[in-house]
Amino acid sequence: LGKHTPLASLAFRVVWIRGNEDIVLITMDNYRIAAHEQLKTFAGIMEVPLMVLEPNGDLSALLEKLSDKKFILIDTAGLAIQDPHFSVQLSMLKGAGNKVQTLLALPLTSQARCLQENYEHFKPAGIDGCIFTKLDECFSLGQAMSIASVTRLPIHMVTDGPHIPDDIHFPNAEKMVRLAEQMARMAQARWQTSEVSSAMNNNFMQHG
């Protein structure tokens with residue numbers, strides 16, 4: 001939900017392995033011109049069709065028309081819950097029911113409270129799993145992994161950069177745990193270094 005870069009990366013993977021005959025992209029993002037145009041560019045490069053679902057459109061009916069396609073990837077708009085279009089988009093996803101598998105994008109740079117709120121906001125649409133994004137920008141995996149554990153959301157993919165399609169990966173549980181432990185040790189080391197530096201500065205000021 002709300003991340004067209006992972007969607008484009010996944011589409012490139014599908015085209016690379018299976019060709020472009022059985023894939024189509026759908027965008028529900030009619031609110032951000034730049035995002036819409038970027039996805040259109042990706043679709044053009046891959047030579048796959050891009051369908052635009054108009055506001056208040058019928059996602060379920062569109063999926064019926066595309067029932068001959070094996071891979072239908074849907075991009076949503078990253079709207080704030082206060083946005084009046086948020087409820088409209090949520091209703092379209094709910095209306096599609098079990099015709100779609102919904103994955104929630106969880107930025108690893110966000111605080112646990114924000115991640116939890118994202119989950120709660122999109123939960124009515126039926127969430128089947130999540131995607132961890134911005135691995136390259138974060139300092140801890142703990143908060144996102146806790147949210148995924150509490151909500152029982154499977155982690156389907158992880159992204160660690162803006163490069164398409166190289167920066168999207170299918171997670172390995174053992175590697176994720178090792179990385180989380182490594183980040184925790186690094187965070188502790190940074191904290192200890194900061195404490196030592198602060199103590200030395202205070203000591204210098206007292207005896208200056």
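Two strands are said to pair if DSSP finds at least two bridges between them, and this rule is needed for the first close-up of what is a predicted model.

**View 1. Strand S1 and the strands that pair with it.** Strand S1 (residues 23–27) pairs with strand S2 (residues 50–52) in the parallel sense over three bridges, and within this pairing the bridge partner of Leu-25 in S2 is Leu-50. S1 also pairs with strand S3 (residues 71–75), again in the parallel sense, here over five bridges, and Thr-27 has Asp-75 as its bridge partner in S3.

**View 2. The two sides of strand S1.** In a regular strand the side chains alternate between the two faces of the sheet. In S1, Ile-23, Leu-25 and Thr-27 point one way, while Val-24 and Ile-26 point the other way, and all of these residues are buried. Because five of the five residues of S1 are buried, the strand is largely enclosed by the rest of the structure.

**View 3. The whole chain, as a setting for the other close-ups.** The chain has seven helices and seven strands, and from the N terminus on its elements run α-β-α-β-α-β-α-β-α-β-α-β-β-α. Of the 208 residues in the chain, 36% are buried, and the accessible surface comes to about 12,200 Å², of which 54% belongs to carbon and sulfur atoms. When contacts between residues at least 6 apart in sequence are considered, 76% of them join residues at least 24 apart.

View 4. In soluble globular proteins, nonpolar side chains tend to be buried together. The largest nonpolar core in this chain has 34 residues, and those with the most contacts inside it are Ile-26, Leu-53, Leu-59, Leu-108, Phe-132, Leu-135 and Leu-141. The elements that give two or more residues to this core include S1, H3, strand S4 (103–107), strand S5 (129–133), helix H6 (142–151) and helix H7 (173–207), while the largest share, five residues, comes from H4. Another core, of 13 residues, lies apart from this one, and among its members are Ala-8, Ile-23, Leu-25 and Leu-73.

**View 5. The surroundings of Leu-135.** Leu-135 is one of the residues with the most contacts inside the largest nonpolar core. Not counting residues up to four places away in sequence, Leu-135 touches Leu-108, Leu-141, Val-158, Thr-159, Asp-160, Leu-179 and Met-183.

**View 6. The buried side of helix H4.** The buried residues of H4 are Phe-86, Gln-89, Leu-90, Met-92, Leu-93 and Ala-96, and they cover an arc of only 155 degrees around the axis, which puts them on the same side of the helix. An α-helix has 3.6 residues a turn, so residues three or four places apart point the same way. The face of H4 turned away from its buried side carries the exposed residues Pro-84 and Gly-95, whereas what covers the buried residues of H4 includes H3 and H5. H4 is followed by Gly-97, whose phi is positive, near 55 degrees.

**View 7. Ser-60 in helix H3.** Ser-60 has its place in helix H3 (residues 59–65). With a relative accessible area of 16%, Ser-60 counts as buried, because the cut-off for that word is under 20% relative accessible area. Leaving aside its neighbours within four places in sequence, Ser-60 is in contact with Gly-95, Ala-96 and Lys-99.

**View 8. The buried face of helix H5.** In H5, the residues Leu-115, Tyr-119 and Phe-122 are buried, and, seen down the axis of the helix, its buried residues fall within an arc of 80 degrees, so they line one face of H5. These buried residues pack against H4, S4 and H6.

**View 9. The aromatic pair between H4 and H5.** The structure holds one aromatic pair, formed by Phe-86 and Phe-122 in an edge-to-face arrangement, with 5.2 Å centre to centre and 65 degrees between the planes. Phe-86 lies in helix H4 and Phe-122 in helix H5, so the pair ties together parts that are 36 residues apart in sequence. Phe-86 is buried at 6% relative accessibility, and Phe-122 is buried as well, with a relative accessible area of 9%.

Conventions
Residues are numbered from 1 along each chain as its sequence is written. This is a predicted model: local features need pLDDT of at least 70, side-chain atom pairs count only at pLDDT 80 or more; totals for chains, interfaces and linings use all residues. Side-chain values use heavy atoms; hydrogens and water are left out. Buried means under 20% relative accessible area, exposed over 50%, partly exposed in between (1.4 Å probe, protein chains only). Helices (H or I, at least four residues) and strands (E, at least two) are DSSP runs, numbered from the N terminus. Contact means heavy atoms within 4.5 Å. A nonpolar core is a set of buried Ala, Val, Leu, Ile, Met, Phe, Trp, Tyr and Cys residues joined through side-chain atoms within 4.5 Å. Accessible areas come from the Shrake-Rupley method with a 1.4 Å probe; for residues, only the protein chains shown count as cover. The arc is that of the directions from the helix axis to the C-beta atoms. Rings of Phe, Tyr and Trp (its six-membered ring) pair if their centres lie within 6.5 Å; planes under 30 degrees apart count as stacked, over 60 as edge-to-face and the rest as tilted.
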